[in-house]
Amino acid sequence: MYRDRILDLHHDRLGERQIAREFRVSHTYVGKVIKRYDESNTDLRAQRSHFVKPKVDQTASEYIECCRLMNPSIYGSEIRQRLLLDGVVHPADIPSVSQINRYSSAVLGEPAIEVQRYASNSNYTINLLHSINGIDFFNILDGPSNGMELLTLFDEALQLERED
């Protein structure tokens with residue numbers, strides 16, 4: 001609607017700034033509409049020529065799920081930073097925050113179980129898996145922890161059989 005009127009006024013020899021004032025839009029917007037019309041003879045937006053494939057691979061999706069299990073209220077931007085810092089994905093393949101949020105939507109009504117990562121000092125890392133009943137599983141690692149070691153913690157914890 002605006003584009004048609006902008007082009008009509010442009011054909012009536014009004015300047016870009018005058019058209020922008022009349023419609024209360026920026027003069028750069030008016031200039032882009034006119035430029036697109038001059039290039040393609042249409043006032044419609046150009047269609048996207050290709051589909052952008054998601055950048056979340058299997059390793060990254062597991063890491064995202066792990067981060068959500070550790071802290072259900074974590075922001076997507078924090079997960080994105082951790083993906084880079086822990087070396088899970090290459091900087092060129094880092095997923096957007098919206099892709100991360102699509103992969104990690106929490107189910108309402110499900111009980112939240114948090115995993116704590118606590119480094120007591122620079123020589124050891126203690127990983128704790130706890131629930132409402134207390135600490136369910138733990139492991140102690142030499143040196144700093146990373147995402148893959150934390151996934152291993154989950155795998156070991158799931159293989160245990162509980163008495164209750």
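Predicted model: local features only at pLDDT ≥ 70, side-chain atom pairs only at ≥ 80, totals over all residues.
Helix α1 spans residues 2–11, and helix α2 spans residues 16–23. The axes of the two helices lie 10 Å apart and form an angle of about 140 degrees. Because angles over 145 degrees count as roughly antiparallel and those from 65 to 115 as roughly perpendicular, α1 is oblique to α2. The crossing of α1 past α2 is right-handed.

The contact between these helices involves residues from both elements. On the side of α1, Tyr2, Arg5, Ile6, Leu9 and His10 take part, and they meet Ile19, Glu22 and Phe23 of α2. By residue class, the contact of α1 with α2 comprises five nonpolar residues, two charged residues and one polar residue.

Attention then turns to the loops. Most residues other than glycine have a negative phi. Arg13, located in the loop between α1 and α2, has instead a positive phi, near 75 degrees, without being a glycine. Arg13 has a relative accessible area of 77% and is therefore exposed, the cut-off for this class being over 50%.

A positive phi also occurs at Arg24, where the value is about 60 degrees although the residue is not a glycine. Arg24 belongs to the loop that runs between α2 and α3, the latter helix covering residues 27–40. With a relative accessible area of 78%, Arg24 is likewise exposed.

Methods: Residues numbered from 1 in each chain as written. Heavy atoms only, no water. Axes fitted to C-alpha atoms, helices over the stretch in contact; angles between N-to-C directions. Helix = DSSP H or I, 4+ residues; strand = E, 2+ residues; numbered from the N terminus. Parallel < 35°, antiparallel > 145°, perpendicular 65-115°, else oblique. Left-handed = near helix turned anticlockwise from the far one by under 90°. Contact = heavy atoms within 4.5 Å. Nonpolar A, V, L, I, M, F, W, Y, C, P; charged D, E, K, R; others polar. Buried < 20%, exposed > 50% of the residue type's maximum accessible area, 1.4 Å probe, protein only.
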